[in-house]
Structure formats: C-alpha cells, structure tokens
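Okay, thanks for coming, everyone. Have a look at the structure on the screen, and I'll walk you through the parts I find worth a look.

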Amino acid sequence: RVLQLMNLTDSRLAQAGNEKLELAMLSFFEQFRKIYIGDQVQKSSKLYRRLSEVLGLNDETMVLSVFIGKIITNLKYWGRCEPITSKTLQLLNDLSIGYPLQKSCSVRKLVKLSAVQFMLNNHTSEHFSFLGINNQSNLTDMRCRTTFYTALGRLLMVDLG
C-alpha cells in the first residue's frame, strides 16, 4: 500500500507535496531495505509473490529500481528541503554499501539500473538542486553533497572490486 501511495503522491509533486508523508515513506523504505534487501538477507518468496501480484515487482532488482526512482524524484522535487534530502541521501548511501565480490550482490544489481547510470552521468545542479553552489551554502548542504558523492563513488567502484 505504501508503494501504491508513493506512486500517487509522486505524480502530484509538481503541484504540491507533504513533507511529513515523504518522511514517513522514507522510513518505510529504510525498514524495508533492512529486512528484505541486501546480501545477508533471506529472500522471502512470499513477499515477492505478493509484490508481483499487486504491483508487478517480481524480484529484488525491480524493487531496487523503485527505490532509486524514489530517490531521484525526492532529490529533484525536495532538493531544498533538508530533512527529506538528508534522509533520501542516507537511503542511497545505505543501498550503496554491499559486498561487490559476490555475484548476486544487490549493489551489483543496483549499478546495472538505468536510473543509477543516470545519476552517475548527470550529477549536476541542473538535475539535483541541492548540488547547486549559492551564496547561502551551509554545512548541511555540504554534508548532503558529501553523502551523495560518497554513495556515487561506491557505486562507481563496484566493477573495480
């Protein structure tokens, strides 16, 4: 239901958004990631069967694609809202941590996604407003940039082992 709600709210972000709802969704993603995504996590066929029936998400790669889509959407529309930007970047950072030496590693799956390739190739303020340099840059903006580039750096290094 959260993923269905996310689709609805994301389609309306150009007009208006709700900060508290976005933060709640990010908390859901954080908990979902801890339980169902990762290299040390048992894959729950029951969960993926239900996600497939309701949303057409058949495997971890498709779920990761939804996560990255949400991350890009948040960074695009909420780039000037520090709580959402920070929590979104923490989710990206957490997803980028893995064990790339394993062939079925979720980080390897992540790097292959077109949305991740988009982020790796288009990390400018044109696409992500929090990266813009302005006279009002503060420590929080710099921390966000650091988290963003740390995650991107990890993703770039996956193929290098």
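Let's start with Phe 32: its relative accessibility is 8%, so Phe 32 counts as buried. For that word, buried means under 20% relative accessible area, exposed means over 50%, and partly exposed is in between, with a 1.4 Å probe and protein chains only. Before I go on, this is a predicted model, where local features need pLDDT of at least 70 and side-chain atom pairs count only at pLDDT 80 or more, while totals for chains, interfaces and linings use all residues. Residues are numbered from 1 along each chain as its sequence is written, and side-chain values use heavy atoms, with hydrogens and water left out.

Now, Phe 28 is partly exposed, because its relative accessibility is 30%. Phe 28 and Phe 32 both sit in helix H2, residues 19-36, four residues apart, which is about one turn of the helix. Helices here are DSSP runs of H or I with at least four residues, numbered from the N terminus.

How many aromatic pairs does a search of the whole structure find? Eight. Rings of Phe, Tyr and Trp (its six-membered ring) pair if their centres lie within 6.5 Å; planes under 30 degrees apart are stacked, over 60 edge-to-face, and the rest tilted. Phe 28 and Phe 32 make a tilted pair, at 5.8 Å centre to centre with 45° between the planes. Ring pairs also join Phe 28, Phe 29, Phe 32, Tyr 36 and Phe 67 into a cluster.

Over to another pair. Phe 118 and Phe 128 are edge-to-face, at 6.4 Å centre to centre and 70° between the planes. This one links distant parts of the chain: Phe 118 is in helix H7, Phe 128 is in the loop between H7 and helix H8 (139-157), and they are 10 residues apart. Phe 128 is buried, with a relative accessible area of 1%, whereas Phe 118 is partly exposed at 31%.

So what about H7 itself? In H7, residues 114-121, the buried residues are Val 116, Met 119 and Leu 120. They cover an arc of only 100° around the axis, which puts them on the same side of H7; the arc is taken from the directions from the helix axis to the C-beta atoms. On the face turned away from that buried side you'll find the exposed Ser 114 and Asn 121.

Which helix does H7 meet? The axes of H4 (residues 60-77) and H7 come within 9 Å and cross at roughly 35°. Those axes are lines fitted to C-alpha atoms, for helices over the stretch in contact, with angles from 0 to 180 degrees between N-to-C directions. Ile 68, Ile 71 and Ile 72 of H4 make the contact with Ala 115, Val 116, Phe 118 and Met 119 of H7, where contact means heavy atoms within 4.5 Å.

Last stop, the core. The largest nonpolar core has 43 residues, and Ile 68, Leu 95 and Phe 148 have the most contacts inside it. A nonpolar core is a set of buried Ala, Val, Leu, Ile, Met, Phe, Trp, Tyr and Cys residues joined through side-chain atoms within 4.5 Å. H4 gives the most to this core, with seven residues. Not counting residues up to four places away in sequence, Leu 95 touches several residues, among them Arg 33, Phe 67, Ile 68 and Leu 110.

How values were computed: Helix = DSSP H or I, 4+ residues; strand = E, 2+ residues; numbered from the N terminus.
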